[in-house]
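Please keep the structure open beside them as you read.

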Amino acid sequence: MSSSKAASLASRLVESHTSRRNNRTSDDEDDDDEAIFAELEEEIENDSNEQIREQGMRLLKEEMDRMKNMKENQHGKYTEVIDEKEVIRASAREPRCVIHFYHSNFQRCEIMDRHLQRLAPKYYNTRFMRVFVENVPWLVEKLAIKVLPCVIAFIDGVTKDRLVGFEELGNEDGFDTAVLELRLTQCGVISKQADSSLRPLFKVSSSGNSGDDEIFDL
């Protein structure tokens with residue numbers, strides 16, 4: 001199998017869950033995935049090296065299972081989670097997870113929502129969610145959340161970064177999404193380098209109003 005061809009197919013696979021998600025239906029995405037996986041499968045089966053064929057088919061199945069699991073867990077979307085146990089489970093088990101702790105009465109939480117809504121489809125390998133603080137009192141106390149908005153980044157169950165209010169984003173309501181994107185990239189919770197179980201195969205074969213942050217009184 002040509003390594004450049006495999007890399008090209010892998011790139012298309014990632015794109016089907018990132019940039020193209022914004023204007024496509026779920027059925028369109030499923031059709032894209034099936035077509036790309038079928039092309040990958042054909043490339044693998046045509047390889048002259050039996051060992052690479054076997055390894056390739058195994059890794060392809062693992063990748064299909066991984067993508068299916070992420071889709072079932074709302075990757076590529078910015079969703080609200082109501083159940084506190086589900087929030088705890090996601091923060092502990094997801095490889096990368098961004099959680100926005102918000103209150104519906106706070107304007108800056110709405111602003112943060114808009115930025116995270118833009119980033120979620122762009123970084124399919126990271127799960128993005130928002131949580132209403134009154135639904136998760138134990139977590140709010142455990143994580144010592146006092147100021148909103150509060151965005152916490154988790155990697156493999158470990159807290160890697162915490163953004164409290166807008167102070168580190170320019171302390172202005174009109175900050176650009178790219179500022180938040182850069183901050184999340186620096187802590188490693190989002191990455192343009194897509195994770196994929198197919199990677200081993202490729203190696204073998206070849207400005208607005210400013211305001212004060214709201215204090216959340218427990």
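1. Let me begin with R130 and D113, whose side chains form a salt bridge with an N to O distance of 2.6 Å; the term stands for a Lys or Arg side-chain nitrogen within 4 Å of a carboxyl oxygen of Asp or Glu. This pair connects distant parts of the chain, since R130 sits in strand β3 and D113 in helix α5 (residues 107-119), 17 residues apart. Helices (H or I, at least four residues) and strands (E, at least two) are DSSP runs, numbered from the N terminus. D113 counts as buried, at 12% relative accessibility, where buried means under 20% relative accessible area, exposed over 50%, and partly exposed in between (1.4 Å probe, protein chains only).

2. A word on the basis of these notes: this is a predicted model, in which local features need pLDDT of at least 70 and side-chain atom pairs count only at pLDDT 80 or more, while totals for chains, interfaces and linings use all residues. Residues are numbered from 1 along each chain as its sequence is written, and side-chain values use heavy atoms, with hydrogens and water left out.

3. R130 also makes a salt bridge with E80, with 3.0 Å between the closest N and O atoms. Because R130 belongs to strand β3 (residues 127-132) and E80 to strand β1 (residues 78-80), the pair ties together parts that are 50 residues apart in sequence. R130 is partly exposed, with a relative accessible area of 21%, and E80 is partly exposed too, at 36%.

4. For the overall tally, the count of salt bridges comes to 9.

5. Finally, the cysteines: how many disulfides does a search of the whole structure find? The search gives 0, a disulfide being a pair of cysteine sulfur atoms within 2.5 Å. The cysteine sulfur closest to that of C109 is in C150, 9.5 Å away, which is too far for a bond. C109 is buried at 1% relative accessibility, and C150 is likewise buried, with a relative accessible area of 1%.
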